[in-house]
Amino acid sequence: VCFAFTSFDFKLLGHGNLKFCLLILNQPFDKGHFHCLWSKAALRACADGGANRLYHITEGSQDSFLPDYISGDFDSIQPEVKEYYKVKGCELIETMDQDLTDFTKCLQILQEKIEKKGLQIDVIVTLGGLGGRFDQTMASVETLFHATNITPFPVIVIQECSLIYLLQPGKHKLRVDTGLEGAWCGLIPIGNSCESVTTTGLRWNLTNQLLKFGTLVSTSNTYDNSGIVTIETDKPLLWTMAIKR
Amino acid sequence: SFSIFNSLSYFKNLVKKMSALRACADGGANRLYHITEGSQDSFLPDYISGDFDSIQPEVKEYYKVKGCELIETMDQDLTDFTKCLQILQEKIEKKGLQIDVIVTLGGLGGRFDQTMASVETLFHATNITPFPVIVIQECSLIYLLQPGKHKLRVDTGLEGAWCGLIPIGNSCESVTTTGLRWNLTNQLLKFGTLVSTSNTYDNSGIVTIETDKPLLWTMAIKR
């Protein structure tokens, strides 16, 4: 049996030494998160209509916020937005696979570029993807499942006050004392039940607990005062938490 | 096989004028209070239930003074939504009401954990009430399909463009559909393998879905 420990410090995103790539999806996202993350990202990409969001949130100074590439089937990107970034020299990569979401395809290209450039990366941060259309929120979660086969780096998704991260089977350790955590957190057995989940550091901890839709799902949980959460799971389990803006 | 959603416009009328019962789950009362600003007394819920950790004190006081029933439910393992549904079913039975559907407003936006809690309640709903429970927020609707065959009318004019089938709590080994742009035939739906999102309709106006396990239907609705 193999255990993997993961630990990353959300505070360092945008402020310190954490190296990350930024992926922008087609959902409304927070200006605060955006500016904090854009400047420190090693690579920046938009998935299809994510380019519309970028274009509008940077109105007046779009040329200071040019993505390294925009990928997708281009059925969401507005023609004028596409033209603008094309003229500015951003790479436009059309991806026609209908079985994979724009997010998934964008992640595949990101991983290729990370390898090609030999970049050292700690985490891939995705902005948008959790609000608006319910099917698109689910598509974001689906991409996190595929991400394990696409990239070795952790992929997190942030939108407004929510963050999600798919925990692979094994043991995980998360620091939650950076001051950027909001009050709530949860463990969601999306896609499959988890026969045995054990945690520490939560207000309502679990011990070899079955998590399963229709039986028990951990929502509206919160933290004890230890500043560290550990989670051990036998199957993929979605961690979700509040982040401050 | 059975048919639901005979008319989405029927359901919208239901919410506006013809609701047999109206309830708020905890902080839902805050939402009701603010959206009916100026005429709150024309929009009084039959009851408000929950652990009351979200409802604002002045809102709680207002509805209490107006005679709305306040029911405190302390079970920490069940969501406010689930507990509210249990009480609703008791009242439906007590009043001997004929009901076609339970419409839930809100529950799909904002906090991600709360969206998941709404889905969890739909799983419990099968054991709480015999009536279909749907959840609507902004442009999204979700409905949990139990194993078997389902037929949905999608030609009422209130459908938006997209729809999807989400194997949210468990994989579905065999899903077969008609009426969609990208139909499935004995298809495995499973997170990490295939999830149907950004689907849409053919021109038949009817969607049929056959599934071996609970499967979440989601669709766009117009505002």
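Predicted model: local features only at pLDDT ≥ 70, side-chain atom pairs only at ≥ 80, totals over all residues.

Visitor: Which element supplies the largest share of the lining of the second largest pocket?

Guide: Residues are numbered from 1 along each chain as its sequence is written, chains are lettered from A in the order in which they are written, and side-chain values use heavy atoms, without hydrogens and water. Helices (DSSP runs of H or I, at least four residues) and strands (E, at least two) are numbered from the N terminus. With 5 residues, the largest share of this lining comes from α5(A).

Visitor: How many residues of chain A are in contact with chain B?

Guide: Contact here means heavy atoms within 4.5 Å. On the chain B side, 36 residues take part, and they meet chain A residues numbering 36.

Visitor: How many salt bridges does the rule find across the interface of chain B and chain A?

Guide: The rule asks for a side-chain nitrogen of Lys or Arg within 4 Å of a carboxyl oxygen of Asp or Glu. Across the interface of chain B and chain A, the number found is 0.

Visitor: Which element gives the largest share of the side of chain B that touches chain A?

Guide: Several elements of chain B each supply at least two residues of that side, including β7 (140-145), β9 (159-166) and α5 (112-128). The largest share, 10 residues, comes from α5(B).
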